[in-house]
Amino acid sequence: MTENDTVFARADGHEQVVFCNDPASGLRAVIAVHSTALGPALGGTRFYPYANEQDAVTDVLNLSKGMSYKNALAGLDHGGGKAVIIGDPAELKGEALLRSYGRFVASLGGRYITACDVGTYVADMDVIARECRFVTGRSPEHGGAGDSSVLTAFGVFQGMRACAEARWGEPTLAGRRVGVAGVGKVGRHLVAHLVEDGAEVVVTDVSDAAVRVVLDRHADARPGVSAVADTDALIAADLDVYAPCALGGALDDATVPRLTASVVCGAANNQLAHPGVEKDLADRGILYAPDYLVNAGGVIQVADEIEGFVFERARAKAAKIFDTSLQIFRSAEAEGIPPAVAADRLAEHRMAEIGRLRGFYLGGSASRP
Ligand SMILES: NC(=O)c1ccc[n+]([C@@H]2O[C@H](COP(=O)([O-])OP(=O)(O)OC[C@H]3O[C@@H](n4cnc5c(N)ncnc54)[C@H](O)[C@@H]3O)[C@@H](O)[C@H]2O)c1
C-alpha cells in the first residue's frame, strides 16, 4: 500500500469503516458505512475467502458505496453500507462466529443494518439476530420476509418493461426475444414473468439442473423457452434483450462488441467489468439499465421487513422501478449521457436534497432515526 493508497484514502467518501476481530471464533470482518444521509446504512454481509485483506477492504468499500446509490434510487430511507467476513464459510461459519459478528453489528447502535449477500443466508440472519436487532432478511419463522429473489425478479422485469417502452414505445416484452444468463433464484422467476408477458426466452446456466427446471416448468409455453450451451452462445444468439442474472463482470471489452441485443437489463450485481463499459454500450446504441437500479427489489423487501413485512406494500415499491428507470432513460437521452451516469446523478441529487433536511434541529427525539 503506497502513501496515496492508505485505507483512509481508499475510504474517501465513506463515513465509517469498522474492523472486527475475534480470533476465538475465527471472525475477521470489515463493516463499511458509506453514507447515512438518507437513514441507517443498509446492505448485506458477504462471507467470502478473499485472497488477501486488501481485496476484502476494496470489495466492502465498493459494495457499500454501491448500496448508497441503490437505496437512494429505490426511494428508501436508508443509506448505504455493507460488510464482509473474510474466510471460507464452509470452514468457518458457525453459531459462535455469527453471534460474534452480531455483537459487532449491534455495537454500531443501528447505524448499520445487515442482511444476506453472497455466502450468507436467511438462516444465518436468524442466528445473527440473536445478538442484534439490526438485522433483516430473516426467515418467516423468525418474523422475516424470507427469500428476496421473488421481488428482485419482479423489479428487474419492471426495469425491462421500462427499457421496452424507451426503445420500442410499448412497456411490454411480448414478441421480443430475451436471453437470460443464469437461471438461479432470480433468473428463474424472471423467466416466468417474461413467459407470462408473451416473450420468447432463451436461457443458459452452468448448472444443467437449473436449466432443466426452467425448461420443464415452461414446456407448454408459447412462443416458448429454449436453452443454449453457454453464455457465449447466448450473447451471439439473435436477441432483443440480454439479461445477465449470474455473476458480476458480465459486460466487458470482449462481450460488448459481440452483443446482438439492443437492450441489456438483468439482475446480476456489478455487471460492468470496468468504468467506461457503460459508454461502450451507449456508443453501440445498446440501452443499458444500470444493475443497481433494476435489481433493487431485494433490498426493497428487506427494508420493508424492518417495518414488519407486508408483501403487497413491498411489491408496490418494487413496481416503481418502472417509473424510475423510465425517468433515468429519458434524462439520459435528453442530456446525451449514458443511463448509468444519469442514475448516479439522480441518486446523488436525492442524497443531497433529502439528506439536507436532517440539518434541521428538531429537539428532543422528534425525528425518526
Ligand atoms: N437474490 C437476490 O435477491 C438478488 C438481489 C440483487 C442482486 N442479485 C444478483 O443477481 C444475481 C443472481 O442472484 P441469485 O440469487 O439468482 O443467485 P443464484 O446463485 O441462485 O443463481 C445464479 C445462477 O447463475 C448460474 N451461473 C453461475 N455462473 C454462471 C456462468 N458463468 N454462466 C451461466 N450461469 C452461471 C448458477 O449456476 C446459478 O444457477 C447475482 O449476481 C446476485 O448478486 C440477487
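**A loop residue, then the sheet and helices**

Modeller: Asn 270 is found in the loop between strand S11 (263–264) and helix H10 (277–283). Please note that this is a predicted model.

Colleague: What is phi of Asn 270 near?

Modeller: Phi of Asn 270 is near 50 degrees, which is a positive value in a residue other than glycine.

Colleague: Which peptide bond is cis?

Modeller: The bond from Arg 222 to Pro 223 is cis, and its omega is near 5 degrees. Pro 223 sits in the loop between helix H8 (208–217) and strand S9 (225–227).

Colleague: Turning to the sheet, what is the order of the strands?

Modeller: The open sheet has 6 strands in the order S9-S8-S7-S10-S11-S12, and the pairing is parallel. S9 and strand S12 (287–288) are the edge strands, each pairing on one side only. Helix H8 packs on this sheet and touches S8 and S9. The direction of H8 makes about 155 degrees with that of S9.

Colleague: How many bridges are there between S11 and S12?

Modeller: S11 and S12 pair over 2 bridges, in the parallel sense. Val 263 has Leu 287 in S12 as its bridge partner.

Colleague: Why is S7 described as largely enclosed?

Modeller: Strand S7 (residues 177–181) has 4 of its 5 residues buried, so the rest of the structure largely encloses it.

Colleague: Which strands does S7 pair with?

Modeller: S7 pairs with strand S8 (residues 200–204) over 5 bridges, in the parallel sense. In that pairing, Val 180 stands opposite Val 203 in S8. From S7 the chain passes through helix H7 (residues 185–197) to S8, and this β-α-β crossover is right-handed. S7 is also joined by 4 bridges to strand S10 (residues 241–244), and these two run parallel. There, Val 178 has Val 241 in S10 as its bridge partner.

Colleague: Now the helices. At what angle do H6 and H13 pack?

Modeller: Helix H6 (residues 149–168) and helix H13 (residues 311–319) pack at an angle of about 30 degrees, and their axes are 9 Å apart. That angle makes H6 roughly parallel to H13, because angles under 35 degrees count as such. The crossing of H6 past H13 is right-handed.

Colleague: Which residues meet there?

Modeller: On the H6 side they are Leu 151, Phe 154, Gly 155 and Gln 158. These meet Ala 314, Arg 315, Ala 318 and Ala 319 in H13.

Colleague: Let me follow up on Gly 155. Is Gly 155 buried or exposed?

Modeller: Gly 155 is buried, with 31 other C-beta atoms within 10 Å. The cut-off for being buried is 20 or more.

Colleague: What does Gly 155 touch, leaving out residues up to four places away in sequence?

Modeller: With those left out, Gly 155 touches Val 294, Asn 295, Ala 296, Gly 297, Ala 318 and Ile 321.

Colleague: How are Gly 155 and Phe 322 placed relative to each other?

Modeller: Gly 155 and Phe 322 are 167 residues apart along the chain, and their C-alpha atoms are separated by 7.8 Å.

Methods. Residues are numbered from 1 along each chain as its sequence is written. This is a predicted model: local features need pLDDT of at least 70, side-chain atom pairs count only at pLDDT 80 or more; totals for chains, interfaces and linings use all residues. A residue is buried if 20 or more other C-beta atoms lie within 10 Å of its own, exposed if 12 or fewer, and partly exposed in between; C-beta atoms are placed from the backbone. Two strands pair if DSSP finds at least two bridges between them. A crossover is right-handed if, with the strands pointing away from the viewer, the path from the first strand over the helix to the second runs clockwise. Axes are lines fitted to C-alpha atoms, for helices over the stretch in contact, and angles run from 0 to 180 degrees between N-to-C directions. Angles under 35 degrees count as roughly parallel, over 145 as roughly antiparallel, 65 to 115 as roughly perpendicular and the rest as oblique. A crossing is left-handed if the near helix is turned anticlockwise from the far one by less than a right angle, and right-handed if clockwise. Two residues are in contact if their C-beta atoms, placed from the backbone, lie within 7 Å.
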